[in-house]
Amino acid sequence: MKYALVTGGSRGIGKAISCHLAQQGFYVLINYRSAHEEAQKVKAEIEQEGGQAELLPFDVSDPQKVEEVLGGWMKQNDKYIDVLVNNAGITSDNLMVFMSNEEWNKVISTNQNSFFFVTRQVLEGMIVSKWGRIINLVSLSGQKGHPGQVNYSASKGAVMAATKSLAMEVGKKKVTVNCVAPGFIKTEMTENISEKDWKRHIPLNRFGKAEEVASVVGFLASEGAAYITGETIAVNGGMYS
Ligand code: NDP
């Protein structure tokens, strides 16, 4: 049995990834911060389909909680995490000229610092077991930029750069580290963005579905992706490559 941790697995893209990985046979640890009922529903959905899942709530931006809850789970169960999907993320958009320290800090800590805290916690296990998959959800905004998202672009760009360095550190141990960069995907995060107004900028002429991101994450978690590392795969309907 291989264990997969999906941060922010209670809703949106993370929910689709949790369900997809469970279908691939992984025992899925569904992380979230506050959406307990939503996370329960994801677990029930997975179990209904014959999969296995467990809830593991903690704030990914809090290093003490990461150590306590995730480290505690690994110790208590004497298990390693085989697949880590760093998916939890937030936006707090504002033009930089008006951006507060709080808007900057909360996005950097949730999207970027969490990559360090959560990945560090599971890395030793992957190295010792000589197998691992780390998959980071970044964004088109971190690749090409987006006005009003200086904080968000900075956090995603940093994770893309860190992915390349970490891939070089752990490749010899058969641990791969990659990013998936979605464009506009229909979730709560994008519910206030008009598909009607934006779709003309997208070659495939529509927003993407969470499942269309999950299938790429599923591929990167599979044996078939064993020779891909340090890479960013765009899932954006052809908007940018
Ligand atoms: P949603 O807003 O729909 O879901 C976010 C998830 O992250 C929730 O499960 C939420 O849990 C969790 N989360 C937020 N903060 C924390 C925290 N501090 N600790 C633990 N969990 C947390 O987001 P999406 O599904 O749209 O996005 C998923 C990822 O994909 C993000 O990294 C996002 O940046 C990226 N992305 C999304 C795009 C899109 O178009 N939707 C485009 C490009 C990238 P809870 O509710 O319990 O707080």
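Select Asn205 to start: this residue sits in the loop between helix 7 (195-198) and helix 8 (210-221). Helices here (H or I, at least four residues) and strands (E, at least two) are DSSP runs, numbered from the N terminus. Asn205 has a phi near 60°, which is positive even though the residue isn't glycine. Asn205 is partly exposed, at 42% relative accessible area; buried means under 20%, exposed over 50%, and partly exposed in between (1.4 Å probe, protein chains only).

Before you click on, keep in mind that this is a predicted model, where local features need pLDDT of at least 70, side-chain atom pairs count only at pLDDT 80 or more, and totals for chains, interfaces and linings use all residues. Residues are numbered from 1 along each chain as its sequence is written, and side-chain values use heavy atoms, with hydrogens and water left out.

Next, pick Asp78, in the loop between helix 3 (63-77) and strand 4. Its phi is near 55°, another positive value in a non-glycine residue. Is Asp78 buried or exposed? Asp78 is exposed, with a relative accessible area of 69%.

Now show the ligand. Zoom in on Thr187: an N or O atom in its side chain is 2.5 Å from a ligand oxygen. For Ser34, a backbone N or O atom lies 2.6 Å from an oxygen atom of the ligand.

Definitions and conventions: Polar contact = N/O pair within 3.5 Å; in protein donor to acceptor, adjacent residues only side chain to side chain.
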